[in-house]
There are 2 protein chains.
Amino acid sequence: MKRNSRLSAVLHALLHMAERGAPMTSDELAVCLQTNPVVVRRTMAGLRDVGLVTSGRGHGGGWALARPLEAVTMRDIYSALGEPMLFQMGNATESPGCLVEQAVNHALDDAFRDAEAMLIARLGEVTLAMLAQDFKRRFAEHRALYQNKG
Amino acid sequence: MKRNSRLSAVLHALLHMAERGAPMTSDELAVCLQTNPVVVRRTMAGLRDVGLVTSGRGHGGGWALARPLEAVTMRDIYSALGEPMLFQMGNATESPGCLVEQAVNHALDDAFRDAEAMLIARLGEVTLAMLAQDFKRRFAEHRALYQNKG
DNA sequence: TTTCATGTAATAATAATAGTTACGAATTCA
DNA sequence: TGAATTCGTAACTATTATTATTACATGAAA
C-alpha cells in the first residue's frame, strides 16, 4: 500500500471481496493490495468495528462483507478509516494567543469545513454496488476491444 | 512551524507584514512564526515567484507585500504554496491495470476534485483585507474585555 | 491436536517535512 | 573600499508520521 491512499485501497479490497463468494484471508488481500497481512488486519479491524465487514478465524476464516453492496457508500468507508485523512491541516498553533492567528484560523476552518462537508456528501452518493457496476461496464468494454484486436 | 499548516502560517506572516510599514527580515518572521529563517526564505520565495511579495537584500532589506491587502485572496496564497497540500491522496497505484481500481479511482477523483474546487472557490472569496478587518474587530473586543476586568 | 487464521504488541524501515549549517551574492552605509 | 546586512541555495541533519515486519498469543475448524 502506498502513501495516504488507504481509502482507495480499501474500496479496492471490498470489491474484490464481493466478487468472491467466500471470505478472503489477510494474506490474500495483502497480495491483492501489495501490502502486508498485518496492515490488512489493522485496517479491516476498523471496518469490522463499525459493522461493515466480519472476520473469522481458523479454517475457512478471513474477511467478508457484512452488508449488501447497495447498503454501503464510499462515505461509510471514509468515515470508518477516520475522516481526518485529508483536511486535518491543523492550524499553526493549538493555543492561539495571537489575535491575527485567530482571525486566520477562523477563516480557514470555515472554508475547509465546507469543503469536507461537500466531499462527504459526494462520497455518500456512491454505493459499492455502483462501483461494481462501473467495473462491469469497463470489463465489457475491455473485452470488446480485446476481441476486435485479436 | 508545525505540521502541514504552512497556509495558516504564511497568512499569519503576511498580515504581520502588513501591520508593519517597512520590510521584515527572514529572522524577524522566523521569530514571529516560531521557525527557522531559512524555512521562511524557502516559503516566501514561492510567493515572490508569483508576485505576491518582494524581497530585498542588504540594509533595509527583507520581505514586503507587493499588492494591497484588498488584491490578495487566501486562494492566491494556497495556490502559490502548491495546491496539492491536501487532496493529493494519489490513488493507490499509478499504473491502474486493474479494472476494479480504475472504477474506484474514477469515483474518488470525481469527489475529491469537486471538493477541492469548492475549497478554492471559498478561499478566493476572502481577501487579506477582510482578515485584517476581522483581526481589528477581535482586538477591539479583546480590549473591551480587558478594560472591564481591570 | 494439528493447522489455519485473526489479534496485537513491539520493533524496524521508509518517506515526508522541517530545521541547521555554511557560504555565496547582492545591497546599503560609513 | 570595506564592513555590515540580508537574501539565495545547496547540503546535511533531525524529526515525525506512516507503513512494514517480526513474533507470539488466541480462537476455530478439520
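Modeller: Strands (E, at least two residues) and helices (H or I, at least four) are DSSP runs numbered from the N terminus, and two strands pair if DSSP finds at least two bridges between them. The model is predicted, so that local features need pLDDT of at least 70, side-chain atom pairs count only at pLDDT 80 or more, and totals for chains, interfaces and linings use all residues. Residues are numbered from 1 along each chain as its sequence is written, chains are lettered from A and ligands numbered from 1 in the order written, and side-chain values rest on heavy atoms, without hydrogens or water.

Moving on to the helices of chain B, helix 2 (residues 26–33) and helix 3 (residues 37–49) pack at an angle of about 100 degrees with their axes 8 Å apart (axes are lines fitted to C-alpha atoms, for helices over the stretch in contact, with angles running from 0 to 180 degrees between N-to-C directions). That angle makes helix 2 of chain B roughly perpendicular to helix 3 of chain B (65 to 115 degrees; under 35 is roughly parallel, over 145 roughly antiparallel, and the rest oblique). S26(B), D27(B), L29(B) and A30(B) of helix 2 meet P37(B), V40(B), R41(B) and M44(B) of helix 3, contact meaning heavy atoms within 4.5 Å. By class, this contact of helix 2 with helix 3 of chain B has five nonpolar, one polar and two charged residues (Ala, Val, Leu, Ile, Met, Phe, Trp, Tyr, Cys and Pro are nonpolar, Asp, Glu, Lys and Arg charged, and the others, Gly among them, polar).

Between the chains, the axes of helix 5 (residues 99–124) of chain A and helix 1 (residues 6–19) of chain B come within 9 Å and cross at roughly 140 degrees, which means that helix 5 of chain A is oblique to helix 1 of chain B. Among the residues making this contact are V104(A), L108(A) and F112(A) from helix 5 of chain A, with L7(B), L11(B) and L15(B) from helix 1 of chain B, and by class it has seven nonpolar, four polar and two charged residues.

Helix 5 of chain A also meets helix 5 (residues 99–124) of chain B, their axes coming within 9 Å and crossing at roughly 155 degrees, and so helix 5 of chain A is roughly antiparallel to helix 5 of chain B. The residues that meet include L108(A), F112(A), M118(A) and R122(A) from chain A, and L108(B), F112(B), M118(B) and R122(B) from chain B. The residues of this contact between helix 5 of chain A and helix 5 of chain B divide into 14 nonpolar, no polar and six charged.
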